[in-house]
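Visitor: Please take one part of this structure and go through it closely. I would like to see how its residues sit and what they pair with.

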Amino acid sequence: MNYQPYGQQQDYYPPPPPPPAHTNGKSIASLVLGILSIVTPYIGLLFGIVAIILSALSLKEIRNRYEGGRGLAIAGLVCGIVGTIIYALLILLFVVIILFAAGAEDSISNFYFNTNNI
């Protein structure tokens with residue numbers, strides 16, 4: 001054994017830092033799909049829904065496995081929610097416009113072609 005004489009200070013080296021945490025792959029995918037849900041027309045609603053699901057799964061895995069990527073998962077969740085809301089409102093607006101146009105067409109045709117107006 002290696003004994004130090006009494007009174008001499010022993011060299012102390014701190015333990016090395018832990019290796020960086022592994023980034024969860026689902027959190028990266030949720031961020032990418034969340035961004036795509038905002039900027040991609042027509043299928044942005046689907047991308048947003050998938051991004052929300054992947055974000056929820058990755059946040060659960062990050063908590064259980066002590067992985068990295070929590071910020072990416074939260075950003076993917078926010079972008080997915082924003083993209084889903086944008087395209088849901090656009091679809092709702094489109095449906096309302098179509099219904100309004102169909103109702104206006106019926107009222108115009110009834111006005112011009114109704115013989116009781118004379």
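Guide: The side chains of Arg 65 and Glu 61 form a salt bridge, with 3.8 Å from N to O. The model is a predicted one, and the distances and areas below are computed from it. Arg 65 and Glu 61 are four residues apart in helix 2, which means that about one helical turn separates them. Side chains of opposite charge can pair when their charged atoms come close.

The two partners differ in their surroundings. Arg 65 is exposed, because its relative accessible area is 52% and the cut-off for exposed is over 50%. Glu 61 has a relative accessible area of 16% and is buried, since buried means under 20%.

Glu 61 has another partner. Its side chain meets that of Lys 26 in a salt bridge of 2.7 Å, N to O. Glu 61 belongs to helix 2 and Lys 26 to helix 1, so this pair ties together parts that lie 35 residues apart in sequence. Lys 26 has 30% relative accessibility and counts as partly exposed.

Arg 65 also has another partner. Glu 67 forms a salt bridge with Arg 65, and their closest N and O atoms are 4.0 Å apart. With 18% relative accessibility, Glu 67 counts as buried. Through shared partners, the salt bridges join Lys 26, Glu 61, Arg 65 and Glu 67 into one network. The structure holds three salt bridges.

Now the helix itself. Helix 2 covers residues 44-65, which is 22 residues. At 1.5 Å a residue it should span 32 Å, and its end C-alpha atoms are 31 Å apart, so the two values agree. Its buried residues are Gly 44, Gly 48, Ala 51, Leu 54, Ser 55, Ser 58, Glu 61 and Ile 62. These residues cover an arc of only 150° around the axis, so they lie on the same side of helix 2. On the face turned away from that buried side are the exposed residues Leu 46, Lys 60, Arg 63 and Asn 64. After helix 2 comes Tyr 66, which has a positive phi, near 55°.

Ser 30 lies in helix 1, which covers residues 25-39. Ser 30 has a relative accessible area of 0%, so it is buried. Leaving out residues up to four places away in sequence, Ser 30 touches Ala 51, Leu 54, Ser 55, Leu 72, Ala 73 and Gly 76. Among these, Ala 51, Leu 54 and Ser 55 are also in the list of buried residues of helix 2.

Last, the setting of this part in the whole protein. The protein has three helices and zero strands, and its pattern along the sequence is α-α-α. Of the 118 residues, 22% are buried. Among contacts with a separation of 6 or more, 70% are between residues 24 or more positions apart. The protein exposes about 9400 Å², and carbon and sulfur atoms supply 70% of that area.

Technical notes
Residues are numbered from 1 along each chain as its sequence is written. This is a predicted model: local features need pLDDT of at least 70, side-chain atom pairs count only at pLDDT 80 or more; totals for chains, interfaces and linings use all residues. Side-chain values use heavy atoms; hydrogens and water are left out. Helices (H or I, at least four residues) and strands (E, at least two) are DSSP runs, numbered from the N terminus. The expected span of a helix is 1.5 Å times one less than its number of residues. Buried means under 20% relative accessible area, exposed over 50%, partly exposed in between (1.4 Å probe, protein chains only). The arc is that of the directions from the helix axis to the C-beta atoms. Contact means heavy atoms within 4.5 Å. Accessible areas come from the Shrake-Rupley method with a 1.4 Å probe; for residues, only the protein chains shown count as cover.
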